[in-house]
Amino acid sequence: MHYEVAIQVITYNQKDYIAQCLDSIVMQRTTFPFVAVVHDDASTDGTADIVRQYAEHYPDMIHPVFQTQNQYSIGNSPARIAAEELDRLNPKYKCFLDGDDYWTDAESLQMRYDYLEEHRECAVVYSKVVELLPSGEIAELDANYQWKVPTLETLLIRNTIPLATAMCRIDVHREFFKEIKPFDKLWPINDWAMWLYMASKQYEMAFIDQVTCVYRVTPVSMTRKKTLWERIKYINGLKHLTLYFSRYSTQPHIRRQIKRRVNRGIYNEIMDEIKKYPMGALLFKVFMTLRYGKNKTE
């Protein structure tokens with residue numbers, strides 16, 4: 001069967017969330033066939049059983065990939081495995097959705113598909129997300145988040161394209177993997193690299209000013225590492241990613257801006273770790289008072 005759109009879903013031990021994610025996929029109303037390639041990385045909490053049930057009920061929409069050994073733990077990328085499986089289906093467009101996030105708009109796929117069909121020069125179209133906090137509260141992204149089509153320079157400083165809302169052309173996606181080989185570079189995330197690649201090649205990007213997805217904030221995830229060392233390593237990985245694409249920028253001080261932002265991020269992580277301990281919080285307050293004055297500590 002030919003699918004116009006394929007959705008890449010990565011999941012591991014998300015039994016409390018995966019049904020909501022898959023419900024948001026199968027509820028999509030479209031005029032074209034689509035499929036979700038759901039890669040379960042040997043979950044131990046029953047996630048795979050839920051995915052299996054959905055695959056049985058929606059065989060034309062849910063294409064499961066089950067691992068018997070956790071691939072991430074042995075150095076294999078679940079995203080790479082899922083991407084290769086999806087590529088074999090040869091869709092026209094590709095979407096992404098993590099197993100703990102979910103779409104809120106049943107017309108989301110159709111809306112993005114229609115845009116790319118009408119704008120053949122556009123490589124990716126995306127929209128807004130909101131966050132679901134651990135408290136259960138739905139929140140908008142912080143005020144500094146720029147909801148507009150990015151430039152290469154703005155993307156080098158901050159990734160403002162939510163992966164779960166993006167639909168891209170599969171031929172551009174393949175071109176990115178063939179030319180850049182991101183998995184060989186061991187970057188912590190590859191979607192940011194893909195948007196930077198598109199911007200560096202001057203592909204057109206488009207933004208739809210509409211909330212279509214809920215991004216679930218969890219205490220520990222790929223972007224929220226548990227230990228200080230893991231968080232610093234993650235930030236440094238992002239530095240290498242953005243510095244790689246900074247070569248395509250004509251802005252003279254962009255590399256300095258990237259390094260400054262990374263150093264500030266590492267500094268903040270260290271300070272946040274120190275403040276977790278009673279004596280650390282006191283020392284932090286004394287340090288900030290001596291350096292900036294009383295107001296900075298209040």
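Analyst: Helices (H or I, at least four residues) and strands (E, at least two) are DSSP runs, numbered from the N terminus. By this assignment Q14 lies in the loop between β1 and α1. The model is predicted: local features need pLDDT of at least 70 and side-chain atom pairs pLDDT 80 or more, whereas totals for chains, interfaces and linings use all residues. Residues are numbered from 1 along each chain as its sequence is written, and side-chain values use heavy atoms, with hydrogens and water left out.

User: Why is Q14 called buried?

Analyst: Buried means under 20% relative accessible area, exposed over 50% and partly exposed in between, with a 1.4 Å probe and protein chains only. Q14 has a relative accessible area of 13% and therefore counts as buried. Apart from neighbours within four places in sequence, Q14 is in contact (heavy atoms within 4.5 Å) with D45, T47, G99 and D100.

User: How many helices and strands does the chain have, and what percentage of its residues is buried?

Analyst: The chain has eleven helices and nine strands. Of its 298 residues, 48% are buried.

User: What makes strand β2 mostly covered?

Analyst: Seven of the seven residues of β2 (residues 34-40) are buried. In a regular strand the side chains alternate between the two faces of the sheet. On one side of β2, F34, A36, V38 and D40 are buried, and on the other V35, V37 and H39 are buried, which leaves both faces covered.

User: How do you know that β1 and β2 pair?

Analyst: Two strands pair if DSSP finds at least two bridges between them. Strand β1 (residues 5-11) and β2 are joined by seven bridges and run parallel, with I7 opposite A36 in β2. The chain passes from β1 through helix α1 (residues 18-26) to β2 in a right-handed β-α-β crossover; that term applies if, with the strands pointing away from the viewer, the path from the first strand over the helix to the second runs clockwise.

User: Which strand pairs with β2 over five bridges?

Analyst: Strand β3 (residues 62-66) does, in the parallel sense, and V38 stands opposite P64 in β3. Together with helix α2 (residues 47-57), β2 and β3 form a right-handed β-α-β unit.

User: What is the relation of α8 to α9, parallel or perpendicular?

Analyst: Helix α9 (residues 228-245) packs against α8 at about 10 degrees, with the axes 10 Å apart. The pair is therefore roughly parallel. W192, A193, L196, Y197 and S200 in α8 meet L238, L241, T242 and F245 in α9. By class, this contact has seven nonpolar, two polar and no charged residues, where Ala, Val, Leu, Ile, Met, Phe, Trp, Tyr, Cys and Pro count as nonpolar, Asp, Glu, Lys and Arg as charged, and the others, Gly among them, as polar.

User: How do you know whether L196 is buried or exposed?

Analyst: The relative accessibility of L196 is 0%, so L196 counts as buried. Among its contacts beyond four places in sequence are L152, L241 and T242.

Note on methods. Axes are lines fitted to C-alpha atoms, for helices over the stretch in contact, and angles run from 0 to 180 degrees between N-to-C directions. Angles under 35 degrees count as roughly parallel, over 145 as roughly antiparallel, 65 to 115 as roughly perpendicular and the rest as oblique.
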